[in-house]
Each structure stands twice: as structure tokens, then as C-alpha cells.
Amino acid sequence: MFFSNYSTDGYFDEMFERDGVVRPQAQMVLETINALGGEQLMRHKNASERLLLQLGITFNVYGDQQGAERIFPFDLIPRIVSAKEWSYIERGLKQRIHALNCFIDDIYHDRKILKSGTIPEEVVTSAVSYREQCQGLNPPFGVWAHITGTDLVRDRDGQYYVLEDNLRVPSGVSYVMENREVLKRIFPRVFEGLTVRGTSEYPSRLLEVLESLSPNATQARVVVLTPGIYNSAYFEHSFLARQMGVQLVEGRDLVVDDGYVYMRTTKGLQRVDVVYRRVDDDFLDPEAFRPDSLLGVPGLMAAYRAGRVTLVNAPGNGIADDKVIYAYVPDMIRYYEGEDPILPNVPTYLCWRDKDRKYVLENLEKLVVKAANESGGYGMLVGPHSTAAEREDFAGRISANPRNYIAQPTLALSRAPTIVEDRVEGRHVDLRPFVLCGKEIYVLPGGLTRVAMRKGSLVVNSSQGGGSKDTWVLAHDPGSKEEER
Amino acid sequence: MPSVQPLLSRVADAVYWMGRYIERAENVARFLDVNHNLLIDLPQDYTGQWQPIIDASGDSALFRERYGEATLRNALQFLAFDPEYPNSVFSCIRSAREDARSVREVISSEMWTQVNDMYLFITEESRRPKHGSLPAFCRAVRMACHLFGGIKDVTMSHNEAWHFNRVGTLLERAEKTSRILDVKYFMLLPSVADVGTPYDDVQWSAVLKSVSAFEMYRKLYGRIAPERIVQFLLLDGDFPRAIRYCIGRADRSLHAITGTPGGTFSCASEQRLGQLRGELDFARVEPILTGGLHEFCDALQTKMNTIDDCVSADFFALRHSRLGAGIGANA
């Protein structure tokens with residue numbers, strides 16, 4: 001049997017309660033894989049990789065001189081989330097996203113939360129991602145983070161924690177849908193037997209949200225703004241534009257004239273109402289942000305400020321993505337929602353606090369240190385896997401700029417069985433669900449399960465050799481009474 | 001009621017060039033193949049036969065500088081695989097794929113998969129230490145290009161973007177046919193000594209084969225005669241690689257784009273293209289030959305270049321207007 005030698009090695013495992021005992025929700029998948037046999041599974045694996053390459057579902061690796069494109073490694077064994085777990089995650093995310101939007105809106109208006117002393121003012125104003133230009137702006141419905149891709153992890157006891165909020169331009173949702181397409185072809189029977197919730201409605205939901213944000217009473221022309229084909233997430237930009245049936249534009253396709261935003265077409269200029277921008281704040285508009293940006297659209301921010309176009313996600317929302325501010329999200333939830341957080345944060349040490357810094361510097365080999373404003377696995381030290389020289393380097397950086405660093409205990413991330421060469425081994429995973437926020441909040445049932453493909457590695461980012469799995473959210477758990485309906 | 005989405009200028013530009021690049025790749029592969037085939041038919045001591053095809057590429061100076069002698073090996077490396085030479089089969093397919101990638105939401109998935117397949121194929125071929133059979137390679141490229149054309153025609157709506165692709169394809173094809181005609185005629189006919197020798201028929205047949213016109217020509221005219229060949233390749237209205245056919249169909253597509261009735265014009269590209277179409281529609285081959293085929297082809301190429309410039313200015317160059325001067329030129 002394919003799984004007979006599989007060991008959980010004492011980690012929380014997404015598929016097995018303990019060695020040899022499968023979780024009830026994963027029973028059917030286990031049986032299907034065992035019935036297929038290793039050889040057949042390997043054939044499917046090769047076929048799926050060939051398919052991804054053929055379809056050009058690839059990402060670009062920055063810093064690679066050859067401009068190499070790689071497929072995002074995809075593991076065929078799905079990660080299964082029970083209906084019960086999912087309902088917990090969904091409630092937690094809705095609560096969190098609501099509070100985060102309240103916070104951002106508050107920061108760019110009255111700053112009640114700062115005045116109340118819940119969060120120190122200098123933490124906010126010193127954040128690199130704070131945008132003075134956004135002060136006093138009123139995006140539709142008071143929503144600043146329309147599309148988020150929250151990173152969740154589980155520790156040794158299986159508890160879910162929020163690791164990062166990813167409010168700016170989160171990517172990965174296209175892989176959620178593509179992975180599902182591949183698995184549907186390989187395991188059609190399992191989908192018939194289990195009630196796996198679909199993910200394909202995401203583009204329609206996204207389009208609905210985007211159209212609802214149009215400032216124009218007569219039309220809602222939506223476009224997706226991409227930095228271009230050399231961006232690592234270009235495939236996704238193009239995928240979403242195709243799925244929604246809207247235009248994919250680059251900065252050079254847009255122009256601001258008389259205060260309105262237009263795209264240049266063969267028949268002249270056409271007005272644009274909503275821009276789903278997959279470009280960072282800094283590169284949106286050289287007149288408002290980085291003057292050296294060639295990607296941006298001069299005048300775009302002025303049109304946005306004047307309420308003549310909606311930018312999604314709203315510029316300036318990255319303030320809540322700062323990793324120091326992240327540490328205060330539980331306080332925000334209590335402040336704005338009057339409730340305790342449903343999903344906990346990972347305990348976080350803030351290096352600008354003398355006591356925390358002292359502890360961090362004394363315990364670097366146990367901790368994960370992160371720069372406050374980096375993402376993608378860059379600017380990060382994983383203490384237990386680091387060398388003395390790396391720790392020394394980080395100690396220096398922390399002392400020089402304590403505001404810019406946080407540290408967290410190294411979690412024993414949960415693992416999931418993953419195909420490695422011709423066998424199955426446990427690999428660490430996280431989970432990125434996607435949340436849409438317009439008038440209402442919608443959580444896509446599923447999400448991107450990222451896998452650290454290297455043995456023992458805790459870094460799941462695609463830029464660092466991570467892969468992905470399809471995430472199956474069950475509509476009913478086996479044995480639960482809903483199933484009898 | 002369905003609403004027609006406006007076509008971005010950048011996208012129109014990219015689909016137009018995608019058409020040109022695929023057509024160019026196909027033509028280069030065909031030239032290589034036919035020339036190789038021709039050499040087999042010629043006496044062993046016949047040399048220098050790779051130079052004309054380099055000349056037909058229009059880039060012989062660059063070739064001389066980079067490779068020197070026109071051997072099979074050098075010609076193949078240059079025309080098929082050289083990643084630095086922008087008109088090699090490899091470069092054309094790479095460029096077509098980049099264009100396709102930037103307009104995936106406009107073309108069909110099937111078109112994208114095909115051009116991506118072509119790219120994976122040519123990348124693999126170019127990395128081989130020793131290249132396989134030339135005819136097999138050329139055939140694979142040609143068939144892949146034809147497949148792309150077929151997929152395009154049956155999976156993509158014949159909308160504005162499709163017509164831009166068609167205009168690019170047809171102008172490129174007309175350009176290549178005129179070039180091969182020009183170079184070969186220049187090579188073959190002035191050497192009076194060659195007329196009537198066995199080479200003559202073989203070489204003229206090769207000209208026809210290099211534009212896949214041999215069989216269709218035979219059906220129409222039978223005997224191999226240089227002036228009839230010129231007439232066929234320049235002025236035939238039904239053969240899809242004949243220049244008049246290409247110009248006529250490009251003109252139709254342009255009118256489909258603008259919505260202007262045929263026989264009238266609303267922009268410089270329509271005016272120039274219509275003019276050339278009329279000229280070819282009412283031309284006779286004899287005066288062309290009397291006036292000099294080379295001069296005629298030269299003038300034809302200049303006209304087609306002007307049309308290309310006009311198409312750019314009329315439809316793609318909005319980005320260079322006063323509003324966008326200098327924005328993201330290389331972004």
C-alpha cells in the first residue's frame with residue numbers, strides 16, 4: 001500500500017490522526033489512492049506536470065537571468081478540511097477582515113483607535129506602508145481590503161493561527177481553480193462520493209464585487225491592471241481577466257484625461273470605472289508615488305481621490321499588512337467588534353519594545369525573525385535552520401532598526417502527505433483562503449495549500465521552492481447528521 | 001444585447017505581430033527545406049546554393065559578419081536557431097509566444113496552447129547538440145504553423161482582433177513572396193547561359209515549391225515558364241500565397257476592422273492598401289517584366305512598408321499620442 005510506511009513523526013498531520021489511523025474525512029481519498037497504486041499515481045503526476053507546462057501555467061522567477069519560467073510544483077494528494085473546521089475558519093476570517101477594514105478606514109480618518117490608546121500612534125505613522133496621500137479618502141462601503149489572501153498555519157496541536165493578512169495584492173487564487181481542474185480529471189470518483197465544495201464561482205463573485213464598486217451610474221467597466229508578462233503572477237492576472245471577461249491592461253494602456261481614466265483602444269479612448277490593480281501602491285502613479293515608476297498611470301491617484309475611478313484594493317491599505325501592526329489585530333477585533341478574536345495570531349515579539357528585543361536577541365536560534373514590510377519569504381530568518389553568521393547578521397539589523405523587525409516562535413507547522421519521488425512523505429503546509437469584501441464578506445470555500453517541498457523546510461513560498469495542493473472543503477462531514485439528508 | 005468590447009491598441013499591435021511572426025517562421029522553414037531539397041537534385045559540384053537563401057532573408061550582411069561562409073550548417077544555425085538573430089525560426093516563435101502571452105485573454109486557449117507547444121518544441125530542438133533531419137524539422141515547423149492558422153480560424157471569433165492578426169499574416173506573406181521572387185529572378189534570369197539548361201527547370205520549380213505553389217501552378221499553366229511563374233505569384237487572385245490574393249484579403253480585413261465600405265477609405269492605411277490592391281487587380285505581367293521585375297518588387301516592398309507604418313499609426317500608436325508620450329515605453 002502506498003501509505004503503509006507513512007509516518008507523522010509526531011507532527012500534526014492533515015490526513016492521519018496518528019500513524020496508521022486516517023482522519024474520517026480523508027478515508028475515501030486514502031482508499032482511492034491506494035486503489036490507484038503508486039505506479040498509476042506517478043503516471044498521473046507526470047501527466048499533470050506536462051499539462052501545466054503545456055498550458056503555460058508557469059511563474060517567472062525573479063533574479064533568473066534566463067527569464068526562466070517554472071511550473072508551480074503541484075502535489076496530487078489533496079488536503080481535506082472538514083465542514084466543521086471550515087465553518088470555524090470562515091467565521092474567524094469574516095470577523096478579522098471586517099475589523100481590519102474598520103481599522104484602515106479609521107487610520108485614514110479620525111484615528112479613534114489611536115486616541116483610545118489601543119495602538120501606539122508612532123507604530124502607525126512609522127510604517128513604511130502608511131500612505132499620507134490616502135488621508136480622508138472614502139472608498140465605496142468604507143472597504144479598503146476587497147480581496148485578501150490570509151495565511152493560516154497550524155501548530156503541533158492542530159490549532160489554526162493567522163500568520164499574515166496579505167491585504168495588498170495577494171496572489172494564488174488562480175492555482176486554487178487550476179489545481180481543482182487537474183484533480184477533477186484524476187479523481188472523478190472521489191468527487192462523486194464526497195461533497196467537495198466548488199471553487200469555480202470565484203471569478204463571478206469577484207466580478208460582482210468589482211462592479212458593485214463602480215463610481216459611474218451608467219456603467220461599470222472593470223479592468224485588471226498588470227505590471228506585464230514578466231511579473232511572477234502574470235498568469236493569474238491574465239487568468240482572472242479571462243474568467244471575468246474583462247480587459248487586461250498595462251499601465252501604458254491607461255491614460256487620465258480631464259480627470260477621468262480611459263484605456264487606449266483602436267477606436268479611441270474608452271472610459272474605465274473600476275481598476276482591479278495587481279500593481280503595488282508605489283508603482284500606481286508616478287505623480288503620487290514613486291516618480292521613477294514606468295509602470296504607472298500619471299494622474300490615476302488624482303482621479304481616484306476625485307471619486308472618478310475605484311482602485312481595488314484601495315491604495316494605502318498596506319498599513320495593516322505591516323507585521324508590527326499585525327501584532328495588534330486581536331486588539332483591533334476587540335476594539336471594533338467588541339468580541340474576542342475567533343482565529344488567534346501567532347504570538348509576536350515586537351523588537352521596538354526593549355523587553356521583547358532583549359528576549360529576541362537572546363533567543364534567535366529558536367525564533368523566526370521577519371522584516372516588518374517584506375513578503376514572499378524574503379528578509380526572514382528561520383532560527384533553528386540558521387547559521388551563526390546569519391544570526392549575527394540579523395542581530396545587527398534588529399539593533400540598527402528595531403521598528404522594522406518582529407519575531408515569532410518557530411511553529412511546528414502541520415504536515416500533509418506529499419508525493420516525493422516515488423513515495424509519500426510528510427511535508428509542512430500552510431493555507432491561504434481568499435476573502436472578498438464588498439457590501440458583504442465572502443470566503444471562497446477552499447484556498448491555496450502551500451507545501452514546503454524540501455524535507456524539513458518551513459518555507460512554503462513559491463519563490464523559495466514551495467509547491468501547492470488542492471484544498472477540499474467538505475460540505476458535510478462523514479458521519480455527521482447532515483450527511484443523512 | 002451583447003456588447004462588443006473595445007480592442008486595446010496594445011492588444012491589436014500584439015495580435016498583428018503574432019500573425020507576422022508565425023508567418024515568418026513558416027516561410028523561413030519552407031525556404032530552408034526547399035533549398036535543401038534542391039541541392040539533392042543538383043549535380044554534386046554545384047556549390048554556393050546556400051547564399052541565395054541568405055540573400056532572400058534580407059540579412060546577408062549580418063550573416064556574413066557573424067558566420068562567414070554560407071554552408072548548410074551555418075545557414076541552418078542562423079535561420080533556424082540563432083536566438084540573437086530576430087528573424088530566425090526560433091526568435092519568431094519566441095516573439096509570437098510573448099505576444100500571445102500578453103493577449104491570452106483575447107485569443108482562444110487553444111491558440112495559446114499551440115503557440116506554447118511550438119515554443120517548447122523549438123527550444124528543445126535548439127538545445128540539441130546535433131540537429132536532426134532538416135526536412136523533418138522544417139516539416140514540423142511548417143505543420144505547427146499551419147495548425148496554428150487552422151486553430152485560429154476555427155476557435156477564435158472572426159472579430160476585430162482576428163482581423164488584425166489576419167492583416168499581419170497576409171502582409172508578411174506578401175512580403176516574403178515578393179522577396180523570394182525578387183531574389184530568385186535576379187539570380188536566375190540574368191544569367192543567359194543558364195536558360196534552357198536542366199538547372200533552369202529545376203531551379204524554377206524550386207521557386208514555386210518554396211512558396212508551396214508548384215502543384216497549383218501546374219494545374220493552371222502546365223509548362224514551367226518564368227513569366228507565367230511571375231504572373232502566378234504576383235497576380236493570381238485565388239492562390240493564397242500570391243501577392244495579389246494577400247493584398248486583396250488584407251484589404252477586406254482592414255475594412256472589416258473600420259467598418260468603412262469597400263472601395264472607400266477612412267484612414268491612411270485603408271487608402272494605401274486600397275491603392276495597392278487596385279494596382280495589382282488591374283496589372284498585366286508583361287509591362288512589369290519590361291520595366292524590370294526587381295524594380296517592381298522593390299517598389300512593392302516600399303509600398304508594403306508604408307502600409308505597415310500606416311497601420312501602426314492609425315491603430316496602435318495611440319499610446320504615443322500627446323497624452324502618453326514617454327510613458328512606460330519599455331515597461
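In this predicted model, the C-alpha centres of domain 1 of chain B and domain 2 of chain B lie 20 Å apart. Domain 1 covers 8-156 and domain 2 covers 157-320, with bounds that come from an automatic or database domain assignment. The contact (heavy atoms within 4.5 Å) takes 34 residues from domain 1 of chain B and 35 residues from domain 2 of chain B.

How much area is buried between the two domains? About 3200 Å² is buried, and carbon and sulfur atoms give 58% of it; buried area is the accessible area (1.4 Å probe) that two parts lose on being put together, summed over both.

Turning to charged partners, there are 6 salt bridges between domain 1 of chain B and domain 2 of chain B, each being a side-chain nitrogen of Lys or Arg within 4 Å of a carboxyl oxygen of Asp or Glu. A salt bridge joins the side chains of Arg241(B) and Glu26(B), at 3.5 Å from N to O.

On the side of domain 1 of chain B that touches domain 2 of chain B, helix H1 (9-41), helix H2 (51-57) and helix H7 (134-155) each supply at least two residues; helices are DSSP runs (H or I, at least four residues), numbered from the N terminus. H1(B) gives the largest share of this side, 20 residues.

A word on conventions: residues are numbered from 1 along each chain as its sequence is written, and chains are lettered from A in the order in which they are written. Local features need pLDDT of at least 70, side-chain atom pairs count only at pLDDT 80 or more, totals for chains, interfaces and linings use all residues, and side-chain values use heavy atoms, leaving out hydrogens and water.
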